Amino acid sequence: MAALLGRELRVALKAGSGALMGVLFFLAVVTVFPFAIGPDLNQLGRLGPAILWIGALLASLLGLDRLFALDREDGSLDVLVLEAHPLMATVIAKCLAHWLVSGLPLILATPLFGVMLNVPPLGIAAVMATLAAGTPAITFIGAAAAATAAALPRGGLLVAVLTLPLTIPVLIFGITATNGALFDPDPFTAPFLILLALTLFSAVLGPLAAALMLRHSAE
Amino acid sequence: MFGKHAAFILPAYAITLVVAVALVVWIVLGYRSRQREIARLERGGASRHGRKADRASSGETR
Amino acid sequence: MNQDTQTLSPAPSWWMRLANPTRFMTFADRVIPWLAGLAAIVAAVGLWLGFSAPEDYQQGATVLIMFLHVPAAWLAMMCYSVMSLSALGTLVWRHPLADVSLRAAAPIGAAFTLLALVTGSLWGKPMWGTWWVWDARLTSVLVLLIIYLGLIALARAIEDPVQAAKPLAIMTLVGFINIPIIKFSVDWWNTLHQPASVSRFARPAMDAAFLYPLLVMALAYTLFFFTLHIMNMRNEILARRIRVLKLRQAGR
């Protein structure tokens, strides 16, 4: 599994530009909000965690089409299906690699954007923790759509549209947990655990569906 | 008859009716146009006016 | 189709006989008028029951909208269940018409979902003062609409319907499995933000005077859905025939 992950990491790093583009898009979303809702720092500070989560969610969704892009381009998608190890393991490794290359940078960029939105340090930490727990789920959930729709016309948007409704629970519990860390009566542990559970659940369902998709397209 | 709420009840029923009728019309028209298209193709696709005419008369093939 | 004639099993079930597209078309032609007629009659009964029911002391006459909104929401969900069953038919049982069933159902389900949202909005405005509320039910139905439209977009993006069958089936089932999770999360989110007030479209213990029209309308909607579904399956089968004929002619 480690070898698999290593290989997929190398592939994901080659597909590379997705990471910077994702952070750039995240920056764009964060920048646009104050224009729309006004520069009042108090208001921004209150809404900050939500803006950060939305930015990271959208950036993740739009980066999904890179998940299988390199393999599709050089034809090795079919080879993946024929390999000895189970296709699902390959897909899980690929998703993890994709998250490390595209999702992690978003989390690392959060402190900077959080400061721009006047989010208190505790809030920034909470957002980073919940993003770390939740963004892998976005990759897992989107894997099946990425396997089939990314190569189609308007593929990137189609993948995002197909995946977005399914990631709403992740967003809800991510934000709820964040607010739980920030405001006293609200619980943090329960929503955070549910968030982790969602990620684990999608780590099984997503790659399973994606493996089915890949097998079908290789037939 | 419905008092002040008529302004909401009537549009609700109207739009339900419109959507229901629109669904039926869309499906029926699609059926007829597809039947015509099949008849035309089975006759040998006599149209020489090119693919544009094909697409126009058959609507969608999806 | 060959399996019927070669095995020693008894006469093929109606299920398998219907797998033949031509036989399905004849079946459809016969059944559709009856279903349509039945739907119309049941709808008439339901409307009559609804309009003769007394006014609800809370909602006044707007309870009449409930007879349109609730069945539409139920049908939106039922249609997705039909699509999910069809998806299983494609992936597990490889029934030849399962994919036709899925594609034919999708736009109809989307229409019912849209109808549920619009009637929900019209129901809510006189009571709560706004055209839209982010309550649990309306929000869940909105998410369901997005899922429907995404599937329809995917279907349209893949040229060959036979190629599209498995991806559509898989994405439909992925959606089906996620829908309870989405519903749970939206309910949680909603109660978080509206702790004190009663759930907006709460169903009070329903008096028989309102329950009967509601159930009858639900039946009418169901019959109407299946009428449209079978009609659209015919269209889908014809469309595939057209595609095959065109490809054959282009190949000459």
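1. A residue is called buried here if 20 or more other C-beta atoms lie within 10 Å of its own, exposed if 12 or fewer, and partly exposed in between, with C-beta atoms placed from the backbone. In this predicted model, the buried residues of helix 1 of chain B include Phe8(B), Ile9(B), Leu23(B), Arg34(B) and Glu37(B).

2. The model is predicted, with local features needing pLDDT of at least 70 and side-chain atom pairs pLDDT 80 or more, while totals for chains, interfaces and linings use all residues. Residues are numbered from 1 along each chain as its sequence is written, and chains are lettered from A in the order in which they are written.

3. Helices are DSSP runs (H or I, at least four residues), numbered from the N terminus.

4. Chain C meets chain A through 22 residues from chain C and 22 residues from chain A, where contact means C-beta atoms, placed from the backbone, within 7 Å. On the chain C side, helix 7 of chain C gives the most, with 14 residues.

5. Towards chain B, 31 residues of chain C are in contact with 25 residues of chain B. Helix 8 of chain C (208-251) is one of the helices that each supply at least two residues, and the largest share, 14 residues, comes from helix 8.

Methods: Two residues are in contact if their C-beta atoms, placed from the backbone, lie within 7 Å.
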